[in-house]
Amino acid sequence: MNTIMRKSVLSVAGLAFAGGVFAGPIAAHAATPVDTKPVAAAVQSVSPQGEQSRIDLNGEQTANVKAIIAATKKAGLPERAAVISIATSLQESKLENLGHLGDMNDHDSLGLFQQRPSSGWGTPEQITDPEYSTTAFLKGLKQVDGWQDMPLTDAAQTVQVSAYPDAYAQWEKQATDLVGQHWNN
């Protein structure tokens, strides 16, 4: 990704957190467990909302897709959870495990999901670990009543609390394709 494009993408991700994850992971405040049985409907049956975006992935980004899928399976969640996770990471970091962004980062957002240590997501080392950050995201997702059946952007937004709540929807088709490609590998 060229420098100008990367700076633009990272600026948008940084702005998304200006409205940020003030409360931290939803899972930290949960009082009751959530049933995580897979949904009967196939992940491909969900129709993406709105205009879709797509990027070409390099080896690191593909490895991060596989790490998100592995963490989703380890958590015992269905393909739909992986689709939501990957679409969220596409929006937040373009599937790049971002460290501190210097002047471009006005908060302490890190990793695949641009999670913030100051908001309770974990330490910088934890947040930049793809399995940990995915598991943290999924814990928040499981606390969202009806996440399996709601539009992707609503489920992602409830966990992420972004200043751009509709931005996640643009990645649903690519995320669905990536899960379809890598789920059984």
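This is a predicted model: local features need pLDDT of at least 70, side-chain atom pairs count only at pLDDT 80 or more; totals for chains, interfaces and linings use all residues.

Analyst: Happy to! Our helix is H3, which covers residues 79–93.

Let's begin with its neighbor H2, made of residues 59–74. From H2, the residues Val65, Ile68, Ile69 and Thr72 meet Ala81, Ala82, Ser85, Ile86 and Ser89 of H3. Sorted by class, this contact holds six nonpolar and three polar residues, with no charged ones. How are two packed helices described? By the angle between their axes and the distance between those axes. For H2 and H3, the angle is about 145° and the axes are 9 Å apart. Their crossing is right-handed.

Now for another partner, helix H7, which spans residues 172–182. Here the axes of H3 and H7 lie 8 Å apart, at an angle of about 130°. That angle makes H3 oblique to H7, and H3 passes H7 in a right-handed crossing. On the H3 side, the contact is made by Glu79, Arg80, Ala82, Val83, Ile86, Ala87 and Leu90. They meet Glu172, Gln174, Ala175, Thr176, Leu178 and Val179 of H7. By class, eight residues in this contact are nonpolar, two are polar and three are charged.

Let's zoom in on one residue of H3, threonine 88. Is threonine 88 buried or exposed? Threonine 88 is buried, because its relative accessible area is 0%, and buried means under 20%. A polar atom of the threonine 88 side chain lies 2.7 Å from the backbone oxygen of isoleucine 84. Leaving aside residues up to four places away in sequence, threonine 88 touches Phe113, Phe137, Ala156, Gln160 and Tyr168.

Two of those names lead us to our last stop, helix H6: Ala156 and Gln160 are among the buried residues there. H6 runs over residues 152–160, and seven of its nine residues are buried, so H6 is largely enclosed by the rest of the structure. What do the buried residues of H6 pack against? They pack against H3, H7 and helix H5 (130–142).

Definitions and conventions. Residues are numbered from 1 along each chain as its sequence is written. Side-chain values use heavy atoms; hydrogens and water are left out. Helices (H or I, at least four residues) and strands (E, at least two) are DSSP runs, numbered from the N terminus. Buried means under 20% relative accessible area, exposed over 50%, partly exposed in between (1.4 Å probe, protein chains only). A polar contact is a pair of N or O atoms within 3.5 Å; within protein, one must be able to donate a hydrogen and the other to accept it, and residues adjacent in sequence count only if both atoms are side-chain atoms. Contact means heavy atoms within 4.5 Å. Axes are lines fitted to C-alpha atoms, for helices over the stretch in contact, and angles run from 0 to 180 degrees between N-to-C directions. Angles under 35 degrees count as roughly parallel, over 145 as roughly antiparallel, 65 to 115 as roughly perpendicular and the rest as oblique. A crossing is left-handed if the near helix is turned anticlockwise from the far one by less than a right angle, and right-handed if clockwise. Ala, Val, Leu, Ile, Met, Phe, Trp, Tyr, Cys and Pro count as nonpolar, Asp, Glu, Lys and Arg as charged, and the others, Gly among them, as polar.
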